[in-house]
Amino acid sequence: MDGEDGKQQAHLVLADKLFLLTQPDVDDIDKVRLRHEVLAAVVADDMATLYESLVATSVLELDQKVLDSMRDKNVEELKKLDDKIADAEENLGESEVREAHLAKSLFFIRIGDKVKALEQLKVTEGKTVAVGQRMDLVFYTLQIGLFYMDFDLISKSIDKAKKLFEEGGDWERKNRLKVYEGLYCMSTRNFKKAADLFLDSISTFTTYELFPYDTFICYTVLASIITLDRVSLKQKVVDAPEILTVIGKIPHLAEFLNSLYGCQYKSFFSAFAGLTKDIKLDRYLHPHFRYYMREIRTVVYSQFLESYKSVTIEAMAKAFGVTVDFIDLELSRFISAGKLHCKIDKVAGVLETNRPDSKNALYQSTIKQGDFLLNRIQKLSRVIDL
């Protein structure tokens, strides 16, 4: 089930295609091709359970002969696996028994039977002693969770993996877990933690079963842009050798990153428009599409306004290559939501920034905490006097 020779795990490729079939932005002709590819993948792995659920949701049409053939093959292969387990338990050692149970687990994963796969993985875990092998079982569980986007299962598996690492474990598996956790964080809108985990894994990436390296770099850049300050972005992303070697292969991404850092806002909006569809049609980023669009615009508008105490709306619109009405509407929304610290003088056509004074805020916070501490000390002294 791991990615072989740097290839993405076949079931996660299938999950991406199933996701695209549900999206209205995908052309009908592409959906016809995707349906053929999905059916071919399901039949190739005899995924009878998944086939039935896809028929029930009208993703595929029922072909009873195909379904019966898959079921028969599943029954036949399951019997062979059970016979192998029985033989191992009777005639062979503990290692062979574990391998026989693992083969049965992988069989249920392959045919898309989530419930039986998880049950069999628990049985296999009971036969497993080595920490590394137990970690591999957790990775299988994580892949099941990612296929079904079962965040509860993913979260519990990550916690379990971290506990196992307290008992030992090698660096290669620890680095792989960082990518799995980063993907989970990104999928649950924790872009800050996702960026930190992805950046830690850039030079040690081996998790090809999840996605290709190009996709990993794309996720890293997208998560970093909305969470890192300019200095960190320059140091960890813009000038990172690992990112520089790949970023040019990903359409619009280099322009997206460099135009933002270089304050070329017109080019940024152009690249931003080019990336929009890719983000919207990404299985992990799709639920957060609107949120990401808001956050990236907040970053770029804040960066522009950082250089000015006041600036005309017309100058800002010109810098971004958009109309005055568009930028006026955009800024109104972000100001009312508390995302931007400025105000619009509609009569003069001017934007005036009113950035919060961080030193004053820190001073006020210190005074407040000091008052609280003094009150606690006074209460304590009264108790002691009594």
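**Exercise 1. A helix and its length**

Work out what span helix α16 should have from its 18 residues, and check it against the distance between its end C-alpha atoms.

*Solution.* Keep in mind that this is a predicted model.
- Step one: helix α16 covers residues 289–306, which makes 18 residues.
- Step two: the expected span is 1.5 Å times one less than the number of residues, so α16 should span 26 Å.
- Step three: the end C-alpha atoms of α16 are 26 Å apart, which agrees with that expectation.

While you're there, look at which of its residues are tucked away. Buried residues in α16 include F289, Y292, M293 and I296. Among the others on the buried list are E295 and R297, as well as Y301 and F304.

**Exercise 2. A pair inside one helix**

Find the salt bridge between E37 and R33, and explain how the two residues are placed in helix α2.

*Solution.* 
- Step one: the closest N and O atoms of E37 and R33 are 3.2 Å apart. The cut-off for a salt bridge is 4 Å, so the pair counts.
- Step two: both residues sit in helix α2 (residues 28–44), four residues apart, so about one helical turn separates them.
- Step three: an α-helix has 3.6 residues a turn, so residues three or four places apart point the same way.
- Step four: check the surroundings. E37 is partly exposed at 28% relative accessible area, and R33 is partly exposed too, at 41%.

**Exercise 3. Pairs across the chain**

Which helices do the salt bridges D136–R173 and K162–E181 link?

*Solution.* Take the pairs one at a time.
- Step one: D136 and R173 meet in a salt bridge with an N to O distance of 2.9 Å. This pair links distant parts of the chain, with D136 in helix α7 (residues 131–148) and R173 in helix α9 (residues 171–187), 37 residues apart.
- Step two: buried means under 20% relative accessible area. R173, at 18%, is buried, while D136, at 21%, is partly exposed.
- Step three: K162 and E181 also form a salt bridge, with their closest N and O atoms 2.8 Å apart.
- Step four: K162 is partly exposed at 35%, whereas E181 is buried at 8%.

Salt bridges with shared partners also join K17, D30, R33 and E37 into one network. A search of the whole structure gives 27 salt bridges.

**Exercise 4. The largest pocket**

Describe the largest pocket by its volume and its lining.

*Solution.* 
- Step one: the largest pocket has about 610 Å³ of space.
- Step two: 23 residues line it, with T215, Y219, D278, L281 and D282 nearest its centre.
- Step three: α1, α11 (213–225) and α15 (265–280) each give two or more residues to the lining.
- Step four: the lining has 15 nonpolar, two polar and six charged residues.

Methods: Residues are numbered from 1 along each chain as its sequence is written. This is a predicted model: local features need pLDDT of at least 70, side-chain atom pairs count only at pLDDT 80 or more; totals for chains, interfaces and linings use all residues. Side-chain values use heavy atoms; hydrogens and water are left out. A salt bridge is a side-chain nitrogen of Lys or Arg within 4 Å of a carboxyl oxygen of Asp or Glu. Buried means under 20% relative accessible area, exposed over 50%, partly exposed in between (1.4 Å probe, protein chains only). On a 1 Å grid over the protein atoms alone, a cavity is a set of points where a 1.4 Å probe fits but cannot get out, and a pocket is an open set with protein on both sides within 12 Å along at least five of seven lines; lining residues have an atom within 4 Å of a point. Grid points are joined across faces, edges and corners, and a volume is the space filled by probe spheres set on the points. Ala, Val, Leu, Ile, Met, Phe, Trp, Tyr, Cys and Pro count as nonpolar, Asp, Glu, Lys and Arg as charged, and the others, Gly among them, as polar.
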